[in-house]
Amino acid sequence: MCATRVDDDDPNETPYLLCPAERRFALALRTVGSGRASIDVITPSGDRHPLRFADAVTLRMMEIDREVRWQSRPNGGSSSTFVARVHEHGDDSEPSPRTRTWHMLARVSEGASCIVAKSESEPFINAALENVETMSCLPTRSD
């Protein structure tokens, strides 16, 4: 169950959702400005890995489903994966209708976390789960 928290380092005291996840990880679902949203992965040791949706998924206004599907690796693997749905809005006016839904696949580990695939096709993402350990991170604007 997700809990609403406030970041003490944020001068605006913007609330975010903190959701427990697999393998003692947690996800922080945040609004990052201009109607955009993102997820920070919080490792068991407390490190934060921002997934930077605006760079890797879409620059448009978006919202993220609260339901995130975790996929356990059958062989244990060194990382975990999850799939999240990201709803893109057509323009910068709020509220605007959803124009596209992305299925986003992320690989999560203690050392690094990143988005490895995005697609409008959920079956494509489900098939990508088989190769997630060997997939490269999607590029971001600062790469």
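Q: Which residues does Asp40 touch, not counting residues up to four places away in sequence?
A: In this predicted model, Asp40 touches Ala26, Leu27, Ala28, Arg30, Arg48, His49, Pro50 and Leu51. The place of Asp40 itself is in strand β4, residues 36–42.

Q: Why is Asp40 called buried?
A: The relative accessibility of Asp40 is 10%. Buried means under 20%, and Asp40 therefore counts as buried.

Q: What makes the pairing of the Asp40 and Arg48 side chains a polar contact?
A: The contact that joins the two side chains is 3.4 Å. The contact of Asp40 and Arg48 is accordingly listed as polar.

Q: How do you know that a disulfide joins Cys2 to Cys19?
A: The S to S distance of Cys2 and Cys19 is 2.0 Å. A disulfide requires cysteine sulfur atoms within 2.5 Å, and the pair Cys2 and Cys19 is thus assigned as one. The link is right-handed, with 110° about the S-S bond. It links distant parts of the chain: Cys2 lies in the segment before β1 (3–6), and Cys19 lies in strand β2 (residues 15–20), 17 residues apart.

Q: Why does Cys2 count as partly exposed?
A: Its relative accessibility is 26%.

Q: Is Cys19 buried or exposed, and why?
A: Cys19 has 7% relative accessibility. Because buried means under 20%, Cys19 counts as buried.

Q: What makes Cys114 and Cys137 a disulfide?
A: Their sulfur atoms are 2.0 Å apart, and the cut-off is within 2.5 Å. Cys114 and Cys137 therefore form a disulfide. The pair links distant parts of the chain, with Cys114 in strand β10 (residues 113–119) and Cys137 in the segment after α2 (122–128), 23 residues apart.

Q: Why is the disulfide of Cys114 and Cys137 called left-handed?
A: The torsion about its S-S bond is about -75°, so the disulfide is left-handed.

Conventions
Residues are numbered from 1 along each chain as its sequence is written. This is a predicted model: local features need pLDDT of at least 70, side-chain atom pairs count only at pLDDT 80 or more; totals for chains, interfaces and linings use all residues. Side-chain values use heavy atoms; hydrogens and water are left out. Helices (H or I, at least four residues) and strands (E, at least two) are DSSP runs, numbered from the N terminus. Buried means under 20% relative accessible area, exposed over 50%, partly exposed in between (1.4 Å probe, protein chains only). A polar contact is a pair of N or O atoms within 3.5 Å; within protein, one must be able to donate a hydrogen and the other to accept it, and residues adjacent in sequence count only if both atoms are side-chain atoms. Contact means heavy atoms within 4.5 Å.
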